[in-house]
Amino acid sequence: MTTLLKRPLKLALVQLATGSDKSANLSRARSRVLEAAQQGASLIVLPECFNSPYGCHHFPKYAETLLPSPPSNETAPSFHALSDLAKEANAYLLGGSIPEYETSTKKYFNTSLMFNPEGELIATHRKVHLFDIDIPGKITFKESEILSPGKKITLVDLPEYGRIALAICYDIRFPELATIAARKQSFLLLYPGAFNLTTGALHWSLQARARAMDNQVYVGLCSPARDMEASYNAWGHSMVVDPNAAVMTEAGENEEVVYADLNEDKIQETRKGIPLQGQRRFDVYPDVSEGKIKFEEA
């Protein structure tokens, strides 16, 4: 059986409380990331829209221009803050997501940036599936009023550990992304996400456990802390789920950092006990991981 996770990895999810002051958000993120690093985390995750409030009317105000890369500090202060912080923490850092403005197309995106311990950008993921929902009497939200979707699946190789997959929030509802990532030998699926009080109660934990169960890999969901004074109320409950769909750790509603120790043994144990990998019937249905897949934005 193929080894996916080469050595044990300590994962930290920073359930950050964010407000209207971008500089304060970046400072708060720095404090929490360094706290996680001091606890031995080698992969640290921030939530969706960690540098700003979440909401369509906020995206243009807080958007940063990331291309051409590397951007200037003036056009992308969050990019440089994350780069410096990854180096200071000596850890892999997934900067949740930030609003991005692309000057060449005049489009906005919801974009994740990942940096290695040397502070180098190693991956960018633009949210592929936009959060457009209308639940009568509960919530209506349409990201597509402002944002444009990304056009690729994002897999990242961490040389010391193995391959992981990045996606954002609503992306988790589309199992094809997770299935492709797992079939391409990812050991961990990461989703910075800001579910709300309606969808969070319904599906947050369910989606995390389902993606882990289907693919027998680790899954991490990182939410902002809940702020009932904000215009959008995040669910919280950042969590890590193991390959057998058991919740390893779960935050509450407020700001906190949660940790999980990931290891290869759990993946192997799960896959030996329920050997899905050798039982799929690609003579009956197609293998989605062998289809036409985009790994580049172009």
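Helices (H or I, at least four residues) and strands (E, at least two) are DSSP runs, numbered from the N terminus. The model is predicted: local features need pLDDT of at least 70, side-chain atom pairs count only at pLDDT 80 or more, and totals for chains, interfaces and linings use all residues. Residues are numbered from 1 along each chain as its sequence is written, and side-chain values use heavy atoms, with hydrogens and water left out.

View A. The bond from leucine 67 to proline 68 is cis, with omega near -5°. The bond from serine 69 to proline 70 is also cis, with omega near 0°. Proline 70 belongs to the loop between helix 2 and helix 3.

**View B. Buried and exposed residues of helix 6 (residues 264–273).** Glu264, Ile267, Gln268, Thr270 and Arg271 are buried (under 20% relative accessible area; exposed is over 50%, partly exposed in between; 1.4 Å probe, protein chains only). These residues cover an arc of only 165° around the axis, which puts them on the same side of helix 6; the arc is that of the directions from the helix axis to the C-beta atoms. The face turned away from the buried side carries the exposed Asp265, Lys272 and Gly273.

**View C. Residues with positive phi.** Cysteine 49, in the loop between strand 2 (43–45) and helix 2, has phi near 50° and is buried, at 2% relative accessible area. Glutamine 185, in the loop between helix 4 (175–183) and strand 11, has phi near 75° and is partly exposed, at 36% relative accessibility.
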